[in-house]
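The sequence and structure are shown first.

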Amino acid sequence: MAVTPGIRVGYALGSLTTGAFGTVPGLLLLPLLTDRLAVPAAVAGVLVLVPKAWDVAFNPVAGRISDRATDRRPFLLRGGLGLAVLFAVMFLPPVFGTPLGDGAWVAVSFLACATAYAFFQVPYVAMAAELTDDYHERTRLISWRVATLAIAILLCGAGAPLIRDSLGGYRVMALAVAALIALGTLGVYIGTAKAPVARVTPAGARLRDLLTAVRSSRPFRRLLTAFTIQAVGIGTLLAGVDYLSRVVLNDPGAQTPLFAAFVAPALLVMPLWQRVAHHWGKRRGYQLATVLFAASIAAVAFVPPMAVLVALVALTGIGYAGLQVFPMAMLPDIITAEEHRTNTTQAGLLSGIWTAGETLGLALGPGLFGLLLALGDYTPGGVVDQPASAHLAITLGFTVVPAVLALAALPFMSSKDDPR
């Protein structure tokens, strides 16, 4: 079933919503808590982690609820617009004037955001299989979505800190990001209004079904483990960008070029990684990207001059692009093999588990970074002169920890039964 260019654009616009909410809290929520609201680092890490963990647990529930409807689009509209409002509310503090009260406000708001986001994300992901049953059309549909997602991540990752530091603080930044979330929501809702439904794909599953699917497929279990471990490392790295810029480099403005250097290569090197996959295989390409990512980010631990630092972060970004493209390219191979082996439809179920693993990994990253800050005696409240132990904790959290976690995933890529 053909999909018109207008519907492709409309569907892709939803990635403005997912990209914005997937990026900004991981970058700026921890600094808001520790430096603006003076919440202790370890507590702040937990406050950032718990709502995201809730998101993982609640996604199947949101899926089962949306499965009962004949049209998923109203869920997109309500979930997305609700997320936009709650996102702006989350960055309102200081409201109570105390670290405990304002930290609780942020945590409860973030939990509400995660709940609203589940009602947007789950139907949005399920729509890809429902808009068309044609293999090549679905590939084009996803390609437009991924390209829009990369643009959203780049805009939010580089632009949100710039707005915060130059145009009025966290509240103005939150309003700008909320507007982008609302734009993406209205775009996908209006843009897919005339889209046909090729088939209905269940988006929810019971816990027993999820556990059975993971246990029954060794290749999927190993790839998911590798991807989730690396997601923790990437989440830790992203949480550290703001702290590295302000505390270690003593240059808050460095955050924007560092993030741009990290994400921009993903828009440029996809053809390179596709050639690697063609000549060497997906698994070997995944291993190569992992080593490049780990070596490049580990070298940043020496805190070289800014030009060299940006170059190393750009190399890390090239590796990061491979860490995204290769497992995502291997996943359909495994799903197809599992469907042939079990003679059942597995795409929706395994894709949902995959999304949950990524969400959990990216949530654990900021939590881990908050723990490192606490171990390094980081002083909350925006104190400029941090102890040497805090500098060390920030540097290690941004460099060595992501490198170690990336390399820790290598054993899960070496099995002969993984797709090549």
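## Basis and helix H3

A residue is called buried when its relative accessible area is under 20%, exposed when it is over 50%, and partly exposed in between. The model is predicted, and the values below are to be read accordingly.

Helix H3 comprises 18 residues, 73-90. From the first C-alpha to the last, H3 spans 25 Å, close to the 26 Å expected at 1.5 Å a residue. The buried residues of H3 are Arg-73, Phe-75, Leu-76, Gly-79, Gly-80, Leu-83, Ala-84, Phe-87, Ala-88 and Met-90. As a general point, an α-helix has 3.6 residues a turn, so residues three or four places apart point the same way.

## Salt bridges around Arg-164

Side chains of opposite charge can pair when their charged atoms come close. The structure contains four salt bridges. Arg-164 takes part in a salt bridge with Asp-165, with an N to O distance of 2.9 Å. Asp-165 is partly exposed at 41% relative accessible area, whereas Arg-164 is buried at 8% relative accessibility.

Arg-164 also forms a salt bridge with Asp-242, the closest N and O atoms lying 2.7 Å apart. Because Asp-242 belongs to helix H8 (residues 218-248) and Arg-164 to helix H5 (residues 135-166), this pair ties together parts that are 78 residues apart in sequence. Asp-242 has a relative accessibility of 0% and therefore counts as buried.

With a relative accessibility of 21%, Arg-246 counts as partly exposed.

Through shared partners, salt bridges join Asp-35, Arg-164, Asp-165, Asp-242 and Arg-246 into one network.

## A nonpolar surface patch

A nonpolar patch on the surface is formed by Ile-151, Leu-155, Leu-267 and Leu-268, whose accessible area together is about 410 Å². The elements giving two or more residues to this patch are H5 and helix H10 (265-268).

Leu-268 lies in helix H10. Its relative accessibility is 67%, and Leu-268 therefore counts as exposed.

Methods. Residues are numbered from 1 along each chain as its sequence is written. This is a predicted model: local features need pLDDT of at least 70, side-chain atom pairs count only at pLDDT 80 or more; totals for chains, interfaces and linings use all residues. Side-chain values use heavy atoms; hydrogens and water are left out. Helices (H or I, at least four residues) and strands (E, at least two) are DSSP runs, numbered from the N terminus. The expected span of a helix is 1.5 Å times one less than its number of residues. Buried means under 20% relative accessible area, exposed over 50%, partly exposed in between (1.4 Å probe, protein chains only). A salt bridge is a side-chain nitrogen of Lys or Arg within 4 Å of a carboxyl oxygen of Asp or Glu. Patches are made of residues with over 30% relative accessible area and no salt bridge: like charges are joined within 9 Å, nonpolar side chains (Val, Leu, Ile, Met, Phe, Trp, Tyr) within 5 Å. Accessible areas come from the Shrake-Rupley method with a 1.4 Å probe; for residues, only the protein chains shown count as cover.
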